[in-house]
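Me: I'd like to learn how to read a protein model. Can you walk me through it, one feature at a time?

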Amino acid sequence: MELVKITINGQEFEAPKGELLIEAAEMAGIYLPRFCHYRGLTAQASCRLCVVRVDNPKIPKLQTACTMPVSDGMIVTTDSEEIETVRASMIEFLLSNHPVDCPVCDRAGECELQDQTYGFGEDAIRSQYKDKETQLERQISPFIYNDPQRCVVCKRCTRVCEEWMDEFAITTINRGSHTYIGSYNGWVECSDCGNCVDVCPTGTLLHVPYKYVARPWDLKQTPTICNFCSDGCSMLAGSRSEKLVRSVARDGRGRTAGGINPDFLCALGRYTIDAVHHEDRIDRPMIRRGEHLVPTTWDDALSYIAKRLGEVKAQHGGNSIGVISAARLLNEDQFTLKKFAAEVLETKNADFYHDEDEIDLASFFKNGSPTIATQKHIQSADTILLIGSDPNEENPLTAFSVRWAVRRKSARLLMVNSVASRLERQAEIAVRVRPGSENALIAALLDENLTNEAADVMGTLAENLKAVRQIVLESEKVVVVFGDELRGAALEALPLLESVLATPDPEAAAAARKAYLDAQQRLAQSTQSTAKPAINENPYSNITPQPTLEVGDEPVRSATKFSYLPLMRYSNSLGAFQMGMDALQTDGMIAQAMLVGGGQAIKALYIAGEDVVGKAEEPKGMKHLLSRLDFLVVQDMFMTQTARQAHVILPTTSFAESQGTQTNNGSQVQLVRRAIPPVGQARPDWMITASIAKMMGKDFGYQGAVKNAFKAIAETVPGYGGLTHNRLANEGAILVEMPSVDVSQLNRKDVMDRLNAEIARVNRHAIVNLGELRDKAGSRLHKRYPLITRYSNILPLHPTNGKEELAKVVMFPA
Amino acid sequence: MFSPENEKKIDEYISHYPVKRSAILPALHIAQIEHGYVTDEDVQYLARRLDMRVNEVEEVVTFYSMYSRKPMGEYKLQVCRTISCHIAGCDKITEHISDKLGIKVNETTPDGKFTLQEVECLGYCDLAPVLQVNFDYHEQITPERTDEIIEKLK
């Protein structure tokens with residue numbers, strides 16, 4: 001990174017070239033007050049708090065540090081009397097229209113207006129507006145509470161909504177001192193990410209579920225990892241009196257969990273935490289006595305399980321027992337279950353539960369691991385090829401990174417999809433294809449001669465596929481983001497792209513990139529009324545250096561041309577796969593087969609954390625299958641339909657109550673920390689499994705410490721060597737290197753033949769969905785995470801048709 | 001949504017700009033002339049027509065004081081209240097109209113004839129105080145002249 005020398009208040013510092021002065025000063029330890037400036041948002045420069053004097057005769061006035069890039073030899077003063085006066089009067093103006101109702105404001109204690117006033121303001125306000133803004137406080141969405149009187153009109157929230165989420169759901173209404181944050185009909189229809197609330201510097205926007213729940217100084221904030229989608233965002237889990245009350249990406253004091261998500265969190269991570277304290281939580285072990293499940297002690301439950309599993313094993317052999325885990329369980333849990341299955345039960349039937357809508361990991365990693373992309377790779381990619389899936393709904397952080405790359409880094413987004421996605425707005429080429437025909441794209445990319453046939457199968461024009469191929473060919477770095485739609489041979493064939501679509505000439509690639517940027521610029525400047533709005537909303541990014549998402553970020557580029565980001569469905573699908581909880585690796589029965597084989601090949605099942613009945617297409621049939629088992633152990637957080645079928649139920653901890661590790665879709669391991677003590681008598685999954693193993697005569701040597709479980713992982717699982725919980729706590733996300741793919745081992749002809757056979761099977765009568773995005777965000781969320789959203793008191797109340805079904809908020813006074 | 005002539009006018013305005021959305025200001029004027037104020041339907045229709053979000057249209061409508069989202073009287077009596085007019089005594093004019101019509105600022109007479117508004121600088125400082133009635137300016141206004149104007153319009 002190129003550094004330049006700047007002088008601030010007589011002291012010389014080094015700063016990255018092109019960095020904004022406000023950030024450079026902060027790096028040098030000089031904090032400049034600000035409301036509107038926010039890392040990762042475009043410049044606003046409306047609060048005028050960060051004014052500084054730049055020693056340059058050409059710049060006679062005070063300058064806003066948030067819009068001024070540093071240049072070599074810049075001399076800056078930040079603390080003169082003149083500047084102090086200006087800042088104090090700016091704050092005074094803001095306060096003249098502020099209710100100062102801090103005692104009843106949820107933000108008090110982590111309010112930036114309080115902090116800036118304390119640090120840079122005067123202790124008295126001399127004026128009050130005669131006609132003070134009198135918009136009344138009101139709820140504007142199921143999750144957002146708005147008190148316009150407290151607003152300082154920094155517009156962080158509206159910018160977040162536009163730039164990060166591409167929602168445009170909230171906006172500024174009126175102007176001047178009458179400006180307030182609102183929307184067209186006073187009601188906000190959005191995907192409920194809640195980022196606007198997090199970035200709000202005052203108490204204007206507040207989380208509805210957190211309203212009047214706790215004061216910030218009473219909160220214990222634990223940095224941990226979200227347990228929902230596979231992106232693996234970090235979040236601060238706030239608890240009060242051992243109860244989880246909120247989760248934020250960044251609190252009002254600017255503290256973040258420091259993960260892979262720069263201050264970003266979506267609805268799932270933020271608003272489903274109340275499920276942790278749901279009344280359906282199982283709080284003690286239960287054992288079946290006839291028709292009823294009766295509470296029992298841990299010792300009784302565990303020894304009964306050990307006895308019964310031992311009996312089944314002795315009678316029918318180890319392979320008659322199946323172990324099924326939920327993909328959301330942590331690495332330690334998965335590893336211990338696998339160890340338990342292999343070493344104690346001696347069964348090869350251990351699998352994490354997944355449907356057709358999970359990535360076909362077995363095929364993807366069949367010949368070793370292709371280069372895996374992380375969020376940083378997306379953010380600095382030249383071209384992003386998105387095949388299948390809708391990250392906007394299912395992996396919101398990935399969608400955020402894609403949007404960032406396109407908007408701020410002029411990346412080119414190519415989409416080949418069978419469903420509508422809001423990301424199409426950012427796409428240069430968005431091709432809608434027949435459901436299930438996405439595999440054909442890989443064939444067309446690998447073999448140009450197959451383009452026409454592939455286009456026919458996909459129900460699109462050959463020109464579209466040719467255009468996609470051409471852009472991929474001439475790009476320097478390509479990130480392929482794909483969903484579960486790519487399966488089998490198509491995944492095996494992915495590593496072939498590297499040689500087939502290698503850029504013929506790096507200079508040509510650079511020229512193509514420049515041509516694209518110039519074209520974008522021309523489009524923005526053009527006066528042709530027929531021109532469509534520029535996709536790239538910052539066409540000048542090749543002229544003006546763009547600040548990175550986080551200070552001091554270097555672009556992350558893969559060594560290979562192609563890198564891949566599989567969008568797994570659950571938080572730890574990849575971890576489960578790496579821990580060996582995958583039956584295909586041991587030639588065992590997969591989870592679905594085990595369930596279907598209930599009572600026949602499988603006599604006993606050990607299900608950890610998965611509601612197989614609730615997720616089945618025919619719950620009744622699944623119940624019947626489970627009832628044929630000799631013995632069913634379910635360890636789960638909730639009294640699910642599956643748990644009701646069990647002979648023994650063991651209560652387990654949620655992600656907030658246990659420590660462990662989780663591996664995200666970018667193959668990064670992160671530490672999940674314990675935020676609250678276990679609810680009731682719940683115990684972590686790994687501990688339960690290890691206890692049963694011990695009773696069955698095999699001590700795993702964990703001695704009740706999760707660190708020892710991870711030590712065992714580090715010793716046996718490839719890629720995890722040298723990792724410890726302490727290291728993860730200090731370093732954050734650490735990349736797990738898996739043995740990389742050996743393309744020479746790949747039988748190209750065989751793969752292509754199978755790929756062609758798969759394409760031939762595509763139903764060519766399926767209709768290509770060319771419709772608009774119709775589903776509301778919340779509804780798809782429920783389909784995706786039925787268990788979690790069912791147990792959340794908040795999300796299911798999401799209104800589907802307007803204000804009438806407003807979530808009930810406990811208001812104070814009631 | 002609008003009369004055929006006005007629809008044609010909107011098309012005409014759209015053709016003036018590189019992107020459709022730029023035509024939002026004249027389009028809103030047309031909506032206001034046609035319906036007396038910018039209705040909810042207008043906002044939704046123009047958002048669709050100009051490839052915008054309803055929130056963006058709402059933002060524009062509420063930003064400019066010459067658009068109204070509430071029903072207005074047939075004649076808008078707009079008294080300038082910025083500094084020159086203020087010194088020249090615009091307060092008296094506002095008060096006078098208010099007393100005469102029995103309405104406060106930003107209110108409309110029951111018969112839907114007049115709406116009284118205070119607005120910022122109309123650019124006639126040399127002839128202050130100034131009263132704008134719809135698109136006509138009345139300079140160096142006095143309470144007596146105000147009476148005349150209102151009587152004429154009644």
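Reply: Let's start with strands. Two strands pair if DSSP finds at least two bridges between them, and helices (H or I, at least four residues) and strands (E, at least two) are DSSP runs, numbered from the N terminus. Here, Tyr145(A) stands opposite Leu206(A), which sits in strand 10 of chain A. Before we go on: this is a predicted model, where local features need pLDDT of at least 70, side-chain atom pairs count only at pLDDT 80 or more, and totals for chains, interfaces and linings use all residues. Residues are numbered from 1 along each chain as its sequence is written, chains are lettered from A and ligands numbered from 1 in the order in which they are written, and side-chain values use heavy atoms, with hydrogens and water left out.

Me: How many bridges link strand 7 and strand 10 of chain A?

Reply: Three, and strand 7 (residues 144-146) pairs with strand 10 in the antiparallel sense. They belong to an open, antiparallel sheet of three strands in chain A, ordered 6-7-10. Strand 6 (138-139) and strand 10 (205-207) are its edge strands, each pairing on one side only.

Me: What is the strand order in the open sheet of seven strands in chain A?

Reply: That order is 15-14-25-24-23-16-17, and the pairing is mixed. Strand 15 (292-295) and strand 17 (350-352) of chain A are at the edges with a single partner strand each, so one side of each has no neighbour in the sheet. Inside this sheet, strand 23 (residues 604-608) and strand 24 (residues 631-636) of chain A run parallel, joined by five bridges. One bridge pair is Ala604(A) with Phe631(A), the latter in strand 24 of chain A.

Me: How do I read two packed helices?

Reply: Two packed helices are described by the angle between their axes and the distance between the axes. Axes are lines fitted to C-alpha atoms, for helices over the stretch in contact, and angles run from 0 to 180 degrees between N-to-C directions. In chain B, helix 2 (residues 24-35) and helix 4 pack at about 75°, with axes 11 Å apart. That makes helix 2 of chain B roughly perpendicular to helix 4 of chain B (angles under 35 degrees count as roughly parallel, over 145 as roughly antiparallel, 65 to 115 as roughly perpendicular and the rest as oblique).

Me: Which residues of helix 2 of chain B meet helix 4 of chain B?

Reply: Ile24(B), Leu25(B) and Leu28(B) do, and on the helix 4 side they meet Val57(B), Val60(B) and Val61(B) (contact means heavy atoms within 4.5 Å).

Me: At what angle do helix 3 and helix 4 of chain B cross?

Reply: Roughly 120°, and the axes of helix 3 (residues 40-49) and helix 4 (residues 54-63) of chain B come within 8 Å. Helix 3 and helix 4 of chain B are therefore oblique to each other. Val43(B), Gln44(B) and Ala47(B) in helix 3 meet Val54(B), Val57(B) and Glu58(B) in helix 4 of chain B.

Me: What is the mean pLDDT of chain A?

Reply: It's 86, with 90% of the residues of chain A at 70 or more (pLDDT is the predictor's confidence in each residue, from 0 to 100). Residues 527-545 of chain A stay under 50.
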